[in-house]
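Subject: Structure handover

Hello,

Here is the structure I promised to pass on. Please open it beside this note and follow along.

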Amino acid sequence: MASIRLQKWLARCGVGSRRACEQLIRQGRVQVNGQRATLGMCIDAERDSITVDGKPLNPPPPPVYILLHKPPGYVTTRKDPHAPHTVMELLKGLKTPVFPVGRLDADAEGLLLLTNDGELANRLLHPRYKVAKTYRVWVRGVPGKDALRQLREGVLLEEGQTAPAQVRLIKRQGHQSLLEITLHEGRKRQVKRMCAAVGHPVQRLVRIAFGPLHLPKNLPPGTWRELTPSERDALLQAAGLLSTKSSDKRQGITPREQIGVK
Ligand code: URA
């Protein structure tokens, strides 16, 4: 059976953040099989008996994967006392706490993934996995060949050159054009800064795909649904967490079919 670092397992069981769990271990409040635990040790979650302050751990909550159609006007954050509205307000009825995977600007729209699966979220956001994000973008003016080439090959932003991107001019309408842009990296406000840098500021930005997920046509703005099992498996595969067609084999993660969740 695969082993897992103790602090990672404690965090997965909802004891606290990874850092808070490390602190508990350092403070000697965690025991494994009756012995004081040490930071960095690995455990077998199915065999070892783990306590925090003498109490056995609760099992980790089942993973939840939510696809939200974010409307403009909502800040992508779990909590922000200064934000007029946050995306969490749109998740009424959802019992399990989740957090957004990456962010969309407050005025941006489209597909936002939320989950309680920290390992998946870390991987999806890690540059190593180069998870593609596709945006439909209304820009001012009509980008010519040169602007499109720059967007595709790389635009020099203040922190450096952007990676190659796929860019399609879909249509022009009055003084605006609709582009489809696929990025394999995720810098802050990247699409807006790239388009502004080539002289075509963004007027409206909608994320239509995130890795293997697509914004469903039948999901109105402001509403959400759970990922289907095949969407979830495709996402786990994109993050290197599922290598075959079988369900998630990570330690402590119960395949959702087995716990009766659609
Ligand atoms: N690029 C942006 O500029 N904004 C977003 O919200 C996402 C990508």
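In which loop is E185 found? E185 sits in the loop between β14 and α5. Keep in mind throughout that this is a predicted model.

Is E185 buried or exposed? E185 is buried, because its relative accessible area is 19% and the cut-off for buried is under 20%. Its side chain has polar partners. A polar atom of the E185 side chain lies 2.8 Å from the backbone nitrogen of A163. The E185 side chain also makes a polar contact with the side chain of Q190, at 2.8 Å. Setting aside neighbours within four places in sequence, E185 is in contact with K133, T162, A163 and Q190.

R189 is found in that loop too, between β14 and α5. The phi of R189 is near 45°, a positive value in a residue other than glycine. R189 is partly exposed, with a relative accessible area of 43%.

N33 also has a positive phi, of about 50°, and is not a glycine. Look for N33 in the loop between β2 (30–32) and β3 (35–36). N33 is partly exposed, at 43% relative accessible area. As background, most residues other than glycine have a negative phi.

**The whole chain**

Now step back. The protein chain has 262 residues, and 44% of them count as buried. It holds six helices and 17 strands. Its C-alpha trace spans about 70 × 45 × 40 Å along the principal axes.

The chain is divided into domain 1 (4–56), domain 2 (65–127 + 212–247) and domain 3 (132–210). Taken over C-alpha atoms, the centres of domain 1 and domain 3 are 46 Å apart. Of the contacts with a separation of 6 or more, 63% are between residues 24 or more positions apart.

**The nonpolar cores**

Which residues touch the most other members of the largest nonpolar core? They are L114, I181 and V191, in a core of 30 residues. Elements that give two or more residues to this core are β7 (65–70), β9 (109–115), β10 (133–140), α4 (145–153), β14 (176–183), α5 (190–197) and β15 (202–210). The core draws at least three residues from each of domain 2 and domain 3.

Another core lies apart from it, with 20 residues, among them L113, L120, L235 and L242. In general, nonpolar side chains tend to be buried together in soluble globular proteins.

Leaving aside neighbours within four places in sequence, V191 is in contact with Y135, V137, I181, L183, V202 and L205.

**R136 on β10**

R136 is found in strand β10. R136 is partly exposed, with a relative accessible area of 29%. Its side chain makes a polar contact with the side chain of E180, at 2.7 Å. Neighbours within four places aside, R136 is in contact with R168, I170, L178, L179, E180, R204, L205, V206 and I208. R136 and E109 are 27 residues apart in sequence, and their C-alpha atoms are 9.8 Å apart in space.

**The largest pocket and α3**

The largest pocket holds about 700 Å³ of space. It is lined by 27 residues, and the closest to its centre are A11, R12, F99, N116 and G118. Which element gives the largest share of the lining? That is α3, with six residues. At least two lining residues come from each of α1 (6–12), β8 (99–100) and α3 (118–125).

Helix α3 also has a buried side to examine. Its buried residues are E119, L120, A121 and L124. They pack against α1, β7, β8, β9, β15 and α6 (229–238). An α-helix has 3.6 residues a turn, so residues three or four places apart point the same way.

E119, in helix α3, counts as buried because its relative accessibility is 19%, where buried means under 20%. The C-alpha atoms of E119 and G34 are separated by 28 Å, and the two residues are 85 apart along the chain.

Best wishes

Technical notes:
Residues are numbered from 1 along each chain as its sequence is written. This is a predicted model: local features need pLDDT of at least 70, side-chain atom pairs count only at pLDDT 80 or more; totals for chains, interfaces and linings use all residues. Side-chain values use heavy atoms; hydrogens and water are left out. A nonpolar core is a set of buried Ala, Val, Leu, Ile, Met, Phe, Trp, Tyr and Cys residues joined through side-chain atoms within 4.5 Å. Buried means under 20% relative accessible area, exposed over 50%, partly exposed in between (1.4 Å probe, protein chains only). Helices (H or I, at least four residues) and strands (E, at least two) are DSSP runs, numbered from the N terminus. Domain bounds come from an automatic or database domain assignment. Contact means heavy atoms within 4.5 Å. A polar contact is a pair of N or O atoms within 3.5 Å; within protein, one must be able to donate a hydrogen and the other to accept it, and residues adjacent in sequence count only if both atoms are side-chain atoms. On a 1 Å grid over the protein atoms alone, a cavity is a set of points where a 1.4 Å probe fits but cannot get out, and a pocket is an open set with protein on both sides within 12 Å along at least five of seven lines; lining residues have an atom within 4 Å of a point. Grid points are joined across faces, edges and corners, and a volume is the space filled by probe spheres set on the points.
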